[in-house]
Amino acid sequence: MEKKDQLFKEIFDTNSKKIFHLCYGYTGDEDSANDLLQETFLKVWQNLDKFRNKSLISTWIYRIAVNTCLTYLRSEKRQAKDELTENIIENRPEEFSEKNEQVSLLYKAISKLEENDRLIITMVLDELPYHEIADISGISEGNLRVKIHRIKLKLTELYNQHARI
């Protein structure tokens, strides 16, 4: 049991920040993101014995987190919140600059994307390798590259719409 405890602690320490970021991207709410983070790692703990090293453990955890977030969104019938951008800005009181405004517009644009596109672009921003994103998304790496290109085009369009407002 001690070995499992130590392994779990290492897994949590290595992955919790990225998983929180993912959950926060879905909810736009720190409390809900923390709840989903805990629920994700509870599932990881309960199923750790079943992990078979067929993929990276981070890929497996991301898949659990994505499913947990999607279940949450469906059961609560929640949508990505437009307040997401404001929450991020409020929680990070930095100097106002053109860069902060650009980041704000980027998050606003991301919040307008469809669920799967939001997930993929969040993983790209988290710098996950494409093969891991493809595994998590359940599509080939070739299709993923095409999809990322289309998401970037859509994001550019959304970003420019917001920048004009």
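How are α6 and α7 oriented to each other, roughly parallel or roughly antiparallel? The model is a predicted one, so local features were taken at pLDDT of at least 70 and side-chain atom pairs at pLDDT 80 or more, while totals for chains, interfaces and linings use all residues. Residues are numbered from 1 along each chain as its sequence is written, and side-chain values use heavy atoms, with hydrogens and water left out.

Helices here are DSSP runs (H or I, at least four residues) numbered from the N terminus. Helix α6 covers residues 115-125 and helix α7 residues 130-137, and the two pack at about 155° with axes 10 Å apart; axes are lines fitted to C-alpha atoms over the stretch in contact, and angles run from 0 to 180 degrees between N-to-C directions. That makes α6 and α7 roughly antiparallel, the term for angles over 145 degrees. On the α6 side, the contact (heavy atoms within 4.5 Å) uses Ile-120, Met-123 and Val-124, and α7 brings in Tyr-130, Ile-133, Ile-136 and Ser-137. Sorted by type, the residues of this contact come out as 6 nonpolar, 1 polar and no charged, with Ala, Val, Leu, Ile, Met, Phe, Trp, Tyr, Cys and Pro taken as nonpolar, Asp, Glu, Lys and Arg as charged, and the others, Gly among them, as polar.

As for the cysteines, a disulfide needs a pair of cysteine sulfur atoms within 2.5 Å, and the count is 0. The sulfur of Cys-23 has its closest cysteine sulfur in Cys-69, but at 3.7 Å that is too far for a bond.

Notes: Parallel < 35°, antiparallel > 145°, perpendicular 65-115°, else oblique.
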